[in-house]
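Reader: I am new to this structure and would like a close look at a single part of it. Could you take me through the salt bridges and the strands that carry them?

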Amino acid sequence: PDRDDGLAAGIASVATRSETIQGGALRTYPFNPTVDSVAIILKTDGRPLNARIELLQGPNNNKQVVELYTEDGLDRPFFAIVETPGSGNVVRVVNTAPVEFPLYASVDAYRVGGGMDWPDDGLMIGRAF
């Protein structure tokens, strides 16, 4: 069912653009500073899904990590919308399963803005006042 905020349409849009990540491999997805949030969908063809999702925000910040496992990545795929305010955002998806267990990842911008709704944190580089 479609919601008023377009969530279902956004999920369907991201899900159609998936790429294969073989077991033991990783993919990185850098994002423009205007991207306020990112939609992540991970699934398999019915095999187990073992993965690690990392959000890196700039060179001097600690990365945020999600480790996940499901026995059937087709019946129970992983979906999340992750906030990515500021610049230097990179999402990294690591398939921690053996090479025999590929996964299909879709990582795309979900909400794109001009960055004007960022909190006033005293940093004025690249912002119009």
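Author: What follows goes through the salt bridges and then the sheet around some of them. The model is a predicted one, in which local features need pLDDT of at least 70 and side-chain atom pairs count only at pLDDT 80 or more, while totals for chains, interfaces and linings use all residues. Residues are numbered from 1 along each chain as its sequence is written, and side-chain values use heavy atoms, with hydrogens and water left out.

Side chains of opposite charge can pair when their charged atoms come close. The structure holds eight salt bridges, a salt bridge being a side-chain nitrogen of Lys or Arg within 4 Å of a carboxyl oxygen of Asp or Glu.

One of them joins Asp-36 to Arg-111, at 4.0 Å from N to O. Asp-36 belongs to strand 3 (residues 35-43) and Arg-111 to strand 8 (residues 103-112), so this pair ties together parts that lie 75 residues apart in sequence; strands here are DSSP runs (E, at least two residues), numbered from the N terminus. Asp-36 is buried, at 4% relative accessibility, whereas Arg-111 is partly exposed, at 38%; buried means under 20% relative accessible area, exposed over 50% and partly exposed in between, with a 1.4 Å probe and protein chains only.

Another salt bridge is formed by Arg-52 and Glu-67, whose closest N and O atoms are 3.9 Å apart. This pair links distant parts of the chain, since Arg-52 sits in strand 4 (residues 49-57) and Glu-67 in strand 5 (residues 64-70), 15 residues apart. Arg-52 is partly exposed, with a relative accessible area of 24%, and Glu-67 is exposed at 55%.

Glu-54 and Lys-63 also meet through their side chains in a salt bridge, at 3.5 Å from N to O. Here Glu-54 is buried, with 3% relative accessibility, while Lys-63 is partly exposed at 43%. Through shared partners, salt bridges join Arg-52, Glu-54, Lys-63, Glu-67 and Arg-92 into one network.

Leu-55 stands opposite Val-91 in strand 7.

Note on methods:
Helices (H or I, at least four residues) and strands (E, at least two) are DSSP runs, numbered from the N terminus. Two strands pair if DSSP finds at least two bridges between them.
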